[in-house]
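User: Can you walk me through this one? Keep it quick.

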Amino acid sequence: MNTNSNHKSSRRRHKHTADDDDDEGDPEVWSTFNSTFRQVQSVLDRNRNLIQQVNENHQSRIPDNMVKNVALIQELNGNISKVVSLYSDLNSNFTTNYQQRNGSGSGNSNSSGRS
């Protein structure tokens with residue numbers, strides 16, 4: 001029994017490397033993630049309100065409310081594009097950071113120098 005727990009302990013120690021200090025990642029990257037996710041959540045919350053308003057306007061069957069829905073739906077469409085853009089930017093930032101941290105200059109995945 002004792003040898004088994006020693007084996008597990010040695011495996012844990014074996015996994016510890018200098019990179020383990022980076023397990024929590026770059027604070028700037030986490031800050032970017034947090035900021036982006038907050039922006040996305042804000043847009044999604046706005047979309048939820050817009051959808052509720054569109055539904056209420058539709059159910060009312062009042063012509064003026066139906067006309068208002070056009071602008072509300074256009075805003076929804078723009079907000080969806082904004083969320084896509086935020087996620088795209090987040091992906092680009094993450095990819096750039098990952099490549100910088102893992103030495104993309106080694107030629108493994110960097111094809112920018114090739115013609």
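Analyst: Here is a short tour, starting with the model itself. This is a predicted model, with residues numbered from 1 along each chain as its sequence is written. Local features need pLDDT of at least 70, side-chain atom pairs count only at pLDDT 80 or more, totals for chains, interfaces and linings use all residues, and side-chain values use heavy atoms, with hydrogens and water left out.

User: What is the mean pLDDT of the protein?

Analyst: The mean is 79, and 69% of the residues reach 70 or more. pLDDT is the predictor's confidence in each residue, from 0 to 100.

User: Where does pLDDT stay under 50?

Analyst: Over residues 1-21 it is below 50, and that stretch has one contact in the model beyond near neighbours in sequence. A contact means heavy atoms within 4.5 Å. Residues 106-115 also stay under 50, with three contacts beyond four places in sequence. Where pLDDT is low, the predicted coordinates should not be read in detail.

User: OK, the fold. How many helices and strands?

Analyst: Three helices and zero strands, running α-α-α from the N terminus. Both are DSSP runs numbered from the N terminus: helices are H or I, at least four residues, and strands are E, at least two.

User: How much of the protein is buried?

Analyst: Buried residues make up 17% of the 115. Buried means under 20% relative accessible area, exposed over 50%, and partly exposed in between (1.4 Å probe, protein chains only).

User: N97, buried or exposed?

Analyst: N97 counts as buried because its relative accessibility is 15%. N97 sits in helix α3, residues 63-101. Leaving aside residues up to four places away in sequence, N97 touches D26 and V29.

User: And Y87, what does that touch?

Analyst: Y87 touches F37 and V40, again not counting residues up to four places away in sequence. Y87 lies in helix α3 too and is partly exposed at 40%. Its C-alpha atom is 9.8 Å from that of F33, 54 residues apart along the chain.

User: Switching topic. How many salt bridges?

Analyst: Two. A salt bridge is a side-chain nitrogen of Lys or Arg within 4 Å of a carboxyl oxygen of Asp or Glu. E75 pairs with R46, the closest N and O atoms being 2.8 Å apart. That pair links distant parts of the chain: E75 is in helix α3 and R46 in helix α2, 29 residues apart.

User: Which residues form the other one?

Analyst: R48 and D45, with the closest N and O atoms 3.0 Å apart. They are about one helical turn apart because they lie three residues apart in helix α2, residues 27-60. R48 is partly exposed at 46%, and D45 is partly exposed at 27%.
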